Amino acid sequence: MSPYESEPVDRLVTASADGEDQAVEAALRPRMLEEFIGQERVREQLSLVLQAARQRGAAPDHVLLSGPPGLGKTTLSMIIAAELNAPIRITSGPAIQHAGDLAAILSSLTEGEVLFLDEIHRMSRPAEEMLYMAMEDFRVDVIVGKGPGATAIPLELPPFTLVGATTRAGLLPPPLRDRFGFTGHMEFYAPAELERVVHRSAGLLDVEIDPAGAAEIAGRSRGTPRIANRLLRRVRDFAQVRHDGLVTREIAARALEVYEVDARGLDRLDRAVLEALLKLFGGGPVGLSTLAVAVGEEAETVEEVAEPFLVREGLLARTPRGRIATAAAWQHLGLTPPQSTRAPRGAQPELWADGQA
Ligand SMILES: Nc1ncnc2c1ncn2[C@@H]1O[C@H](COP(=O)(O)OP(=O)(O)OP(=O)(O)O)[C@@H](O)[C@H]1O
Ligand SMILES: [Mg+2]
C-alpha cells in the first residue's frame, strides 16, 4: 500500500489526485514531449529512445517511470504513445488481481501498442511472473485446466511497449526492474519550472495572471505540478469572487492565506507539527508519538503526511533520539530558538524521545 493513501483527502497540498484533479487534469496535460515542462534529463533520454525506435520502425524498449505523485508520470506515458503515434491501453497494478486478467489484456494488444501499467509495484505475484515473459519474449503461457491435468498453452504476443509507473521503485522485484530498457526518474520541479506550468495552465483555463502571481503560486506548490494546478484553481476562485479576476502576487498570497497554505507551501498540519516541536518541546529532540499526541493526530499521519515534506525542506530532522527542528524552522515560524539548551529547561532530552526515529 502506498504511504500516500493515508493522506486526508481534503488537503490542498496533497500530491495525490482528488476527484476534481482527475476531472480537470486531462485538459491540462501536455500532449507532446515538446510541451512537457522541466525534467530535462528524462525528456532528453526519452526523446532519444523514441526517435530511435521511430527510425527503426520498431516498438521501443519498455519504459519505467518512477517518482513521487503528481510529477507527470501518467502524462509522460500518454506522451510516449502520442509521440509514437500508437494506441495506448491503460491499466494498473491493483486492477490486475489474477494472472488471467493480465493474459486477457496482453493477448488483445495490437502491434506497437503502448500498455500503461500504473502503480506497477502493486501487481500480484503470479501476474508479475507472467509479465516477465511477456516483456522479454513477447509470449505468455496460458494455463488451461487445474491440478495434474493442467496444460500451458503458449501464446505469441505482438511487439508492444510496456510503460510502467511507480511511486515506489524500491518495491519492484529486481527481475521486473531489469526488464525495462529505460528508467526515467522524475524529480521535484524547480520554482522557475513550476512558474511555467502555472502560466501554461492559466492560459488553458483562461485565467489572467501576471508573472509575480505565477511565481507566488509556484513557490507554494511543493515542487509538484499537480499542486501548482490545484492552487491556481483556488486562487482563480478568489480573484474572480473578491476581485476582477486578474491574479497578481498579492491576490495569490491572500487567496492562499485563506486556504492556509503558507509562503513555503506548508499547510495547517505541517505548521501544527512544526509549532508543537518548537513551542512545546523547545525544538526537540522529541519522540514521534509524543509529538503526534501534542498535535492531536495519529503518529502515522505525522510521520507519513507531514514529515516527508518538512524533512525535504530542511525544517525537521529525524534522529535516533527523536525529531529535532532546524534553525530554518525557527526562522520560518518567526521564533527565536532558546539560547543554550535545545530541550525545555530541566527536561532530559532522553525523556522526551520515545525511541522512534
Ligand atoms: N512537466 C509538466 N508540464 C506541465 N504539466 C505537468 C507536467 N507534469 C505534470 N503536469 C500536470 O500535473 C498533473 C499531474 O500529472 P500526472 O497525473 O502525470 O502525475 P503522476 O506522476 O502520474 O501522479 P500519480 O503518481 O499520482 O499518478 C497533470 O494534470 C499534468 O497536467
Ligand atoms: Mg499517474
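Reply: The C-alpha centres of domain 2 and domain 3 lie 30 Å apart. Domain bounds come from an automatic or database domain assignment, which here gives domain 1 (39-185), domain 2 (191-258) and domain 3 (268-352). This is a predicted model: local features need pLDDT of at least 70, side-chain atom pairs count only at pLDDT 80 or more, and totals for chains, interfaces and linings use all residues. Residues are numbered from 1 along each chain as its sequence is written, while chains are lettered from A and ligands numbered from 1 in the order in which they are written.

Me: Why does the span of helix H11 agree with its number of residues?
Reply: Helices (H or I, at least four residues) and strands (E, at least two) are DSSP runs, numbered from the N terminus. The expected span of a helix is 1.5 Å times one less than its number of residues. H11 (residues 268-280) has 13 residues and should therefore span 18 Å; its end C-alpha atoms are 17 Å apart, which agrees. After H11 comes Gly 282, with a positive phi near 60 degrees.

Me: Which residues of H11 are buried?
Reply: A residue is buried if 20 or more other C-beta atoms lie within 10 Å of its own, exposed if 12 or fewer, and partly exposed in between; C-beta atoms are placed from the backbone. In H11 the buried residues include Leu 269, Val 273 and Leu 277. Two residues are in contact if their C-beta atoms, placed from the backbone, lie within 7 Å. The cover over the buried residues of H11 includes helix H12 (288-295) and strand S8 (316-319).
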